[in-house]
Amino acid sequence: MTIDPANKIRLIMHLRNMGIRDTDTLSAMEKVPREIFIPLPLHDKAYEDTALPIGLGQTISQPFIVAFMTEALELDKSCKVLEIGTGSGYQTSILANMCRRVYTIERHKPLLERAEEVFRKLRLGNITAIAADGMKGWPEKSQLPFDRIICTAAAAMKPPAAFFDQLKDGGILVMPVGTIEGGQKLMRYKKEQGDVFSVKELLTVRFVPLLPDVPDPSTYLLKELGELA
Ligand code: SAH
């Protein structure tokens, strides 16, 4: 299926109309082809401003939310970023175009492997990806701390302590907090110094939950994995 380039231009104009102002964010969104992160039958929806299923009950985030979270991170080229919830790898790829290196964690290994294939296709050499429980933060102490942390799955009550611990002074954490039933808010935490954080509620959102541990590989149904092809 060929994608009409006008769809992409319309989406970028829509993001501007929705209030996204950061030109680096808008250029990265224009540069990264969203269709290669989603299943073929949904390619015609690649430049609609909606979340889409990517298999294993997970979704690729809505473009506006990707742009909004990216802008809220206030990135610059020198930033070392930790991302929790690689999913399709779309948000990862936007970040990789805007900062020095992205460390990304996904608990579903089949999703991570598919995302890594896309990173190779896009020749994004500044991404380090692992399958693990991201609630514990990045496992290798030598990479700590991070300038920015973004989590694209919602913590029920508050961010895991590891996220605050692994953030540099002056660093920013952006993530959703809350439950589907009780409502979720996108939050921005700035580590002023040590234990002192400033907190800002940004937006009402709807994300899949942040879950502990890594699923047992034998629990993956062949049918579900087939969906990923
Ligand atoms: N940013 C993604 C959207 C991901 S949806 C994109 O652009 O496509 C959220 C992802 O978080 C899911 O893939 C889910 O499996 C993952 N996730 C949930 N809890 C996690 C955890 N503890 N560690 C790592 N990944 C987690």
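**Notebook: the ligand and its pocket**

Helices (H or I, at least four residues) and strands (E, at least two) are DSSP runs, numbered from the N terminus. The model is a predicted one, in which local features need pLDDT of at least 70 and side-chain atom pairs count only at pLDDT 80 or more, while totals for chains, interfaces and linings use all residues. Residues are numbered from 1 along each chain as its sequence is written, and side-chain values use heavy atoms, with hydrogens and water left out.

**Shell**

**Backbone and ligand nitrogen**

I then turned to the distances from the backbone. A backbone N or O atom of Gly134 lies 2.8 Å from a nitrogen atom of the ligand. For Gly85, a polar backbone atom is 3.3 Å from a ligand nitrogen, and for Arg107 I noted 3.3 Å between a polar backbone atom and a nitrogen of the ligand. Taken alone the ligand exposes 590 Å² (Shrake-Rupley method, 1.4 Å probe), and the protein buries 99% of that.

**Pocket**

I checked where the ligand sits: the space it takes is the largest pocket. A pocket is an open set of points on a 1 Å grid over the protein atoms alone, where a 1.4 Å probe fits, with protein on both sides within 12 Å along at least five of seven lines; lining residues have an atom within 4 Å of a point. The largest pocket has a volume of about 560 Å³. Of its 37 lining residues, Gln58, Thr59, Thr152, Ala153 and Val208 are the closest to its centre. S2, strand S3 (80–84), H4 and S4 give two or more residues to the lining. I counted the classes of this lining as 18 nonpolar, 13 polar and 6 charged.

**Backbone geometry**

Last, I looked at two loops. The peptide bond from Leu144 to Pro145 is cis, with omega near -10 degrees, and Pro145 lies in the loop between strand S5 (127–131) and strand S6 (146–151). Glu74, not a glycine, has a positive phi of about 45 degrees; I found Glu74 in the loop between helix H3 (63–72) and S3.

Conventions
A polar contact is a pair of N or O atoms within 3.5 Å; within protein, one must be able to donate a hydrogen and the other to accept it, and residues adjacent in sequence count only if both atoms are side-chain atoms. A molecule sits in a cavity or pocket if more than half of its atoms lie within 2 Å of its grid points. Grid points are joined across faces, edges and corners, and a volume is the space filled by probe spheres set on the points. Ala, Val, Leu, Ile, Met, Phe, Trp, Tyr, Cys and Pro count as nonpolar, Asp, Glu, Lys and Arg as charged, and the others, Gly among them, as polar.
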